[in-house]
Amino acid sequence: MKLILITAISDYQKAIQEVLKKIGVKHYSFHDVHGYTQESQQEIEANWFGAEIPTTDSVLFHIFLEDAQCDALTEAVQSLNASLDSESKVHVISLKIENHV
């Protein structure tokens, strides 16, 4: 079993949910999160409103999958990313679970 984390901009939420449905994932959780990009010192100094750090509205999915479904998810997300006309992509991380109750 693996814990899968998927991050993406909020605009991709429905596309990710369609991918999960397509590969047979019935249970998952997701949260709205704020993404940050660390700016260079020059960009910070040029920011007239120094207290404002721009954020990106994003989503974070948590999914428990059997190993066999992980390959299907990876392939589906690679296909989704190839179809996106944007620099922003969907990111998938899988973590092996050694024990669970």
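# Exercises on rings, core and helix packing

Ring pairs link Tyr 28, Phe 30 and Phe 61 into a cluster. The model is predicted: local features need pLDDT of at least 70, side-chain atom pairs count only at pLDDT 80 or more, and totals for chains, interfaces and linings use all residues. Residues are numbered from 1 along each chain as its sequence is written, and side-chain values use heavy atoms, with hydrogens and water left out.

**Exercise 1.** State how many helices and strands the protein has, and in what order the elements run.

Solution. 
- Step 1: there are 3 helices and 4 strands. These are DSSP runs numbered from the N terminus, helices being H or I with at least four residues and strands E with at least two.
- Step 2: from the N terminus on, the order is β-α-β-α-β-α-β.

**Exercise 2.** Classify the aromatic pairs and say which elements they tie together.

Solution. 
- Step 1: a search of the whole structure gives 2 aromatic pairs. Rings of Phe, Tyr and Trp (its six-membered ring) pair if their centres lie within 6.5 Å; planes under 30 degrees apart count as stacked, over 60 as edge-to-face and the rest as tilted.
- Step 2: Tyr 28 and Phe 61 are 5.7 Å apart, centre to centre, with 45° between the planes, a tilted pair. Tyr 28 lies in the loop between H1 and strand S2 (29-36) and Phe 61 in strand S3, so this pair ties together parts 33 residues apart in sequence.
- Step 3: the ring centres of Phe 30 and Phe 61 are 5.2 Å apart and the planes are at 25°, so this pair is stacked. Because Phe 30 lies in strand S2 and Phe 61 in strand S3, the pair ties together parts 31 residues apart in sequence.
- Step 4: Phe 61 is buried at 0% relative accessibility, while Tyr 28 is partly exposed at 30% and Phe 30 is partly exposed at 33%. Buried means under 20% relative accessible area, exposed over 50%, and partly exposed in between (1.4 Å probe, protein chains only).

**Exercise 3.** Describe the largest nonpolar core and the elements that build it.

Solution. 
- Step 1: the largest nonpolar core has 21 residues; Ile 6, Ile 16, Leu 20, Ile 63, Leu 73 and Val 90 have the most contacts inside it. Such a core is a set of buried Ala, Val, Leu, Ile, Met, Phe, Trp, Tyr and Cys residues joined through side-chain atoms within 4.5 Å.
- Step 2: two or more residues each come from strand S1 (2-9), helix H1 (13-22), strand S3 (55-65) and helix H3 (67-83). H3 gives the largest share, 5 residues.
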